[in-house]
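Thanks for coming. I will take a few minutes to walk through one structure, and you can follow along on the screen.

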Amino acid sequence: KRPYILQRTPQSRRDQSRLPHRFALAAVGSVAGIFAGALISSSLSGDEECPCFFPLRHEALPGAVLGTTLGAALLAALPDASVRGCEYPTRLWRSTLGAALGAAVGLAAPVDFWRTLTVPAGSVVGAAVGAESCTWQRHN
């Protein structure tokens, strides 16, 4: 008989939640998306007043919101679910919908300062839960 530590756990890999991994990846994607979206949005505005690396201007905000939403959704859908019918396109669709809903809830914050925190946080939570919801549905 194998020692207790080396025995297999009763949970199979299929039953293990990947939600913590999805949260971590969504957070990384959200931060990367903020910067990428803000840089792209500010460069498309055509205004060349600021030669700085990261211009924090009003034109950069829509790109940052879109970037944080898409970045969180793209990376949250990455971990394989090992469940039939829950392939990457399905997880991506669900995580994008969740991230968009989370960002919309975050935009409802009454103070502009709080929106800078609630929009990315809402995107991360929505993307991770949206991608993981595919596996919850398939198990039940």
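Glu132 has a relative accessibility of 3%, so it counts as buried, the cut-off being under 20%. Keep in mind that this is a predicted model. What does Glu132 form a salt bridge with? The partner is Arg22, and the closest N and O atoms of the two are 2.7 Å apart. Side chains of opposite charge can pair when their charged atoms come close. Arg22 is buried as well, with a relative accessible area of 0%. As for where the two sit, Glu132 is in helix H4 and Arg22 is in helix H1, which covers residues 19–44. The pair therefore ties together parts that are 110 residues apart in sequence. The structure holds one salt bridge, and this is the pair that forms it.

Helix H4 comes up again with the disulfide. There is one disulfide in the structure, and it joins Cys86 to Cys134, with 2.1 Å from S to S. Cys134 lies in helix H4, while Cys86 lies in the loop between helix H2, residues 60–76, and H3, so this link ties together parts that are 48 residues apart in sequence. Are these cysteines buried or exposed? Cys86 is buried at a relative accessible area of 1%, and Cys134 is buried at 0%.

Next, helix H3. It has 20 residues and spans 28 Å from its first C-alpha to its last, close to the 28 Å expected at 1.5 Å a residue. Which residues of H3 are buried? They are Arg91, Ser95, Gly98, Ala99, Gly102, Ala103 and Gly106. Looking down the axis of H3, the buried residues fall within an arc of 135°, so they line one face of the helix. On the face turned away from that buried side, H3 carries the exposed residues Pro89, Trp93 and Leu101.

Last, the surface. Val111, Phe113, Trp114 and Leu117 make a nonpolar surface patch of about 420 Å². Where is Val111 placed? Val111 is in the loop between helix H3, residues 88–107, and helix H4, residues 112–139. Val111 is partly exposed, with a relative accessible area of 41%.

To recap, the two links to remember are the salt bridge between Glu132 and Arg22 and the disulfide between Cys86 and Cys134. Helix H4 contains Glu132 and also Cys134. That is all I have.

Terms used
Residues numbered from 1 in each chain as written. Predicted model: local features only at pLDDT ≥ 70, side-chain atom pairs only at ≥ 80, totals over all residues. Heavy atoms only, no water. Patch = residues over 30% accessible without salt bridge, like charges linked within 9 Å, V, L, I, M, F, W, Y side chains within 5 Å. Areas by Shrake-Rupley, 256 points an atom, 1.4 Å probe, with all protein chains shown as cover. Salt bridge = Lys/Arg side-chain N within 4 Å of Asp/Glu carboxyl O. Helix = DSSP H or I, 4+ residues; strand = E, 2+ residues; numbered from the N terminus. Buried < 20%, exposed > 50% of the residue type's maximum accessible area, 1.4 Å probe, protein only. Disulfide = S-S within 2.5 Å. Expected span 1.5 Å × (residues − 1). Arc of directions from axis to C-beta.
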